[in-house]
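Welcome, and please open your viewer for a short walk through some charged side chains. We will go from one pair to the next.

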Amino acid sequence: MSGVLIRIPGWPPSERQRDCLVIVVASVVVTLLVRPFQNTPFLDDWVYAWSVENLLKGGRLLVPEWSNNINIAQILWGWLLSLPFGFSFVPLRISTWLVAVASLCGLYLMLRDLEVPRVDALLGTATLGVYPIFALLSVTFMTDVPFVSLTILASFAMVRAMKARSTPWLIAAAALASLAAGVRMVAIVTPVAMFLALVLSGDSWGRRHGRWAIALFPLAVFAAVCWWYPSHIFYSADLTGIGDTTAERISMLPFALPLLPRMLGETLALMAGTVGLALLPLAIACLRPHILRRAIVYTVTLVLVLAALYAAGLRYPLPLMTGSTWALNELGGTSLLVPNYSVPPVSAVICWSALAVGAFSLATAMAAMKRNRWTAGERFLILAMGGHFLLIALIWLINDRYAIVLVPYAIAVLLAARPQLHRATATVGLIIVMIVTMAGIRDHLSYNRALWAAVDTLNQAGVPERDINGGYMVNGWLQYVHPERAYRNARGNIEIPWVNGDNVLPYEIANEVAEGSHVLQTFGYERWLGPSGHIYVLRRGHVR
């Protein structure tokens with residue numbers, strides 16, 4: 001493969017290595033400043049962490065029923081990094097961070113293969129790296145960033161394969177896409193886009209010698225994972241009637257096509273808010289008089305479409321709204337999943353303004369993408385981006401963190417058109433976003449530290465886990481995936497608040513003091529971007 005690298009114009013290997021080293025060093029420096037590797041779960045990652053813990057104890061590779069992802073590849077990667085240390089969330093968080101840094105290098109290399117100038121490629125890579133949702137999730141054990149990272153690496157290998165006419169790089173792309181399918185099932189978009197890009201290419205290279213079949217290999221891996229999964233489920237509590245479980249999602253599939261037109265509208269709004277805001281530093285840097293004129297036309301059209309959809313009764317989520325992964329007053333959305341959350345929601349005016357800004361940013365990027373002809377690699381990226389857009393609508397993945405897979409594609413397609421960037425403007429914008437991101441992660445860590453300090457206090461006092469209600473993450477980790485510690489009702493069934501029950505437990509860890517509760521201890525947290533406050537350890541009056 002090194003010979004292929006040397007033959008590609010504009011690719012001095014020393015320059016490539018130096019820039020990748022810059023990306024790695026910058027990632028390390030920011031990480032050392034933020035210090036994000038806490039030994040605590042984040043949102044759903046306790047579900048996947050249990051599988052690693054079970055393997056380390058000598059158990060089978062099992063996936064909890066609560067999981068919506070058959071993330072075998074991620075579990076094994078986390079297990080591998082945990083072997084020297086034993087179970088902890090720290091190596092699991094580091095495992096995701098390592099893959100995220102590798103994907104930033106992969107994005108940079110892909111941009112250079114698309115003939116993007118060196119400085120612009122670095123700016124594009126930084127755009128993804130400092131994006132708040134990507135940055136936060138890259139230091140957790142959630143599936144989002146491993147999936148997106150492997151998708152980026154597979155896309156880089158595919159772009160390289162089509163540029164260099166290299167079968168080894170095509171095999172690498174298929175292997176990486178297979179790993180992505182072992183993290184999230186929506187990764188099937190990549191092999192389908194690879195196949196279409198090969199068979200629809202202007203020349204016959206992709207159609208000869210069975211190369212198209214190589215592209216489809218990840219689909220076989222996906223089928224094998226689906227066959228393996230039913231016999232490797234870890235059952236704990238009764239989840240009958242619980243929303244957003246795998247069983248519930250499967251039961252809703254018959255409604256996917258009838259509701260597709262409506263969901264396409266929601267996905268368009270999601271893309272305007274999520275991808276538009278992510279591209280903002282680059283979009284502003286693209287502005288020139290001729291681009292601005294087109295951008296205004298596109299913005300007005302997009303806003304009118306979104307307004308018409310809203311007037312027709314479609315209620316799509318707005319960017320930065322309370323409950324989002326990236327809300328204006330909190331990055332991560334953790335505090336909403338702890339009892340007695342009472343912070344006022346983000347103003348609707350701010351959220352609608354954010355959607356308008358995102359729409360303008362997305363429209364500006366579209367205006368700057370104008371070019372006469374797309375290369376084979378660029379067509380692959382457009383196919384993949386369109387496929388993910390359709391799949392988000394088809395299976396109702398309307399959440400800002402599910403849309404981050406669109407961001408690297410959008411960056412690549414935008415910069416591949418080689419717009420004339422005002423690089424100083426882009427740099428200033430990226431610095432501002434980085435500051436917001438670092439402050440947001442710091443705020444999240446402060447809150448999370450207080451939450452789990454409260455849990456530790458009750459543990460040290462000898463309070464059984466079955467008597468503690470600390471909200472979704474606390475109850476999920478302490479009780480759902482460790483059913484031997486969970487509260488059981490009179491019928492002997494596991495009943496867990498915030499998971500499958502609404503029973504009141506003797507002790508509560510909460511954002512506010514509930515009526516009839518006695519405060520045992522408080523733990524303060526300080527936020528820079530949102531309101532500071534306290535976590536309360538409570539003894540409830542009436543229980544069960």
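Is R165 buried, partly exposed or exposed? Select R165: at 34% relative accessibility, R165 counts as partly exposed (buried means under 20% relative accessible area, exposed over 50%, and partly exposed in between, with a 1.4 Å probe and protein chains only).

Before moving on, note that this is a predicted model, where local features need pLDDT of at least 70, side-chain atom pairs count only at pLDDT 80 or more, and totals for chains, interfaces and linings use all residues. Residues are numbered from 1 along each chain as its sequence is written, and side-chain values use heavy atoms, leaving out hydrogens and water.

Next, select D144 and R184, whose side chains meet in a salt bridge of 2.9 Å, N to O. D144 counts as buried at 0% relative accessibility, and R184 is buried with a relative accessible area of 7%.

For the last stop, pick R112 and E15, which form a salt bridge of 2.7 Å, N to O. Both R112 and E15 are buried. If you wish to keep exploring, a search of the whole structure finds 15 salt bridges.

How values were computed:
A salt bridge is a side-chain nitrogen of Lys or Arg within 4 Å of a carboxyl oxygen of Asp or Glu.
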